[in-house]
Amino acid sequence: MTEKMLKFVHLEQKYPQKREAAERRTDFDEIYSGFEPEAAADQAARCSQCGVPFCQAHCPLYNNIPDWLRLTTEGRMEEAYAISSATNNLPEITGRICPQDRLCEGNCVIEQSTHGAVTIGSVEKYITDTAFEKGWVKAPVPGKENGMSVGIIGGGPAGMAAAEQLRIKGYEVHIYDRYDRMGGLLVYGIPGFKLEKHIVERRIKLLEEAGIVMHTNFEVGRDASLEELRRKHDSVLIATGVYKARDLKVPGIGLKNIYPALEYLTTSNRHGLGDSVPAYEDGTLNAKDKHVVVIGGGDTAMDCVRTAIRQGAKSVKCLYRRDRANMPGSQREVANAEEEGVEFVWLTNPEAFVGDDTKITGVRAVKMRLGAPDAGGRQSPEIIEGSSYTMEADMAILALGFEPEDLPTLFEAPELGVSRWGTVKIDFRSMMTNLDGVFAAGDIARGASLVVWAIRDGRDAADRIDEYLLARKEAAA
């Protein structure tokens, strides 16, 4: 094994080929090509197979990364996929959109030794895309039906992961989602240049082939209350995600052409999917020929600025109140955005929106400096007095994060327990809410987080639901 691995000492880190910025800024296709087999094997062979795999320890799914890197090096691709998919229901998606620079790759031992991390995410993508191409990916099939059913509210990554795990265990599974397609933010929130939609669609098709029943355009509280779903199923899992945009309370916020990030991204993604979207077609939520200012520093802000570039904006600026080193979004995404023509305005915060005849014409901003660390050790931004100035803007997009909707009201379930932040309260050991047989997973319980954490929570919830229902069945026997 050792002669095949440990090649980091003489083999440089390389990612798959990235399309030139001038080309990729004109379309919504993914910007990275896939690895060729030889390149994937070479890059996987850079792994040091260390005794304590920090890449694995810093993966929320605890993926067996060193094992499938070694199998890729040896050309044993079907086994590599079996290992990869054993802990991850959506490896082709996490390989594309996980912030590996903050998780597995950022904690790779050879990254810490300045040799450059193993390109784990790109190899993960290669493994699963190869598996689909070779026909190794099959719909999950239960050994036998167990006669019990589970209703899942939300068809995003947490709901999809839980649905697959429960189906394997023999449950009849129904997913209820408010949108006309399953996939949640994977479909409507993440742009195609990071995740092309057919990648999500083929995974959903597998779940349908497994017998999982999909209920689209279904709103809990309108089409059925939570209590009605509880009566219909043996257990219910809430996996709705968080969609409510965080507010920005500054003068001029009521002017036209100021939009929440998700509304903007959903409109763009729907247009890309071929839907008729009046707000895009009439130019309202289309950045073409506009000066666009995006406020925020996370991955959603990066999705917005890069979308605006592709829509043909005259200029795109990203305002963030801290500096680059303190930005929460992926540094890889920041670099991609810069290459494509986005201007980052660091240490700057919006002070007000200015406009003419109710329409925005500019953003009045103020310069910041980093002061003393806050309770978490992060430096707090402070205003530099007298530094205000106004930048031109025809459209402003607020990418300040997401909060939970008022589920007790929406679901006609005032008894459902929520935290002071609006997330559904659960015991993370049992994943159960205060309502017997009702569980929650993903962002709606955890708060806005990463897709990989949603998958982890969905898998954990499936196990806890199974334990709960089997114990109840045994007690009733």
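User: Why is Cys304 called buried?
Analyst: The relative accessible area of Cys304 is 0%, and buried means under 20% (exposed is over 50% and partly exposed lies in between, with a 1.4 Å probe and protein chains only), so Cys304 counts as buried. This is a predicted model, in which local features need pLDDT of at least 70 and side-chain atom pairs count only at pLDDT 80 or more, while totals for chains, interfaces and linings use all residues. Residues are numbered from 1 along each chain as its sequence is written, and side-chain values use heavy atoms, with hydrogens and water left out.

User: Why is the aromatic pair of Tyr176 and Phe218 called tilted?
Analyst: Rings of Phe, Tyr and Trp (its six-membered ring) pair if their centres lie within 6.5 Å, and planes under 30 degrees apart count as stacked, over 60 as edge-to-face and the rest as tilted. With 4.7 Å centre to centre and 50° between the planes, Tyr176 and Phe218 therefore form a pair that is tilted. Tyr176 lies in strand S2 and Phe218 in the loop between strand S3 and helix H12, so the pair ties together parts 42 residues apart in sequence. Both residues are buried, because Tyr176 has a relative accessible area of 2% and Phe218 one of 15%.

User: What makes the pair of Phe439 and Tyr468 edge-to-face?
Analyst: The planes of Phe439 and Tyr468 are 70° apart, with 5.6 Å centre to centre, so the pair passes the limit for edge-to-face. Phe439 lies in strand S16 and Tyr468 in helix H19, so this pair ties together parts that are 29 residues apart in sequence. Phe439 and Tyr468 are buried.

User: How do you know that Arg310 lies over the face of Phe193?
Analyst: A charge sits over a ring if NZ of Lys or CZ of Arg is within 6 Å of the ring centre and within 35 degrees of the ring normal. Arg310 is 4.1 Å from the ring centre of Phe193, and Arg178, which lies over the face of Tyr243, is 5.7 Å from the ring centre, so both distances are within the limit.

User: What makes a space in this structure a cavity, and how much space lies in the largest cavity?
Analyst: On a 1 Å grid over the protein atoms alone, a cavity is a set of points where a 1.4 Å probe fits but cannot get out, and its lining residues have an atom within 4 Å of a point. The structure holds 3 cavities of 30 Å³ or more, and about 400 Å³ of space lies in the largest cavity, the volume being the space filled by probe spheres set on points that are joined across faces, edges and corners. This largest cavity is lined by 27 residues, and among those nearest its centre are Tyr32 and Arg332.

Methods. Helix = DSSP H or I, 4+ residues; strand = E, 2+ residues; numbered from the N terminus. 1 Å grid on protein atoms, 1.4 Å probe; cavity = no way out; pocket = protein on both sides within 12 Å on 5 of 7 lines; lining within 4 Å.
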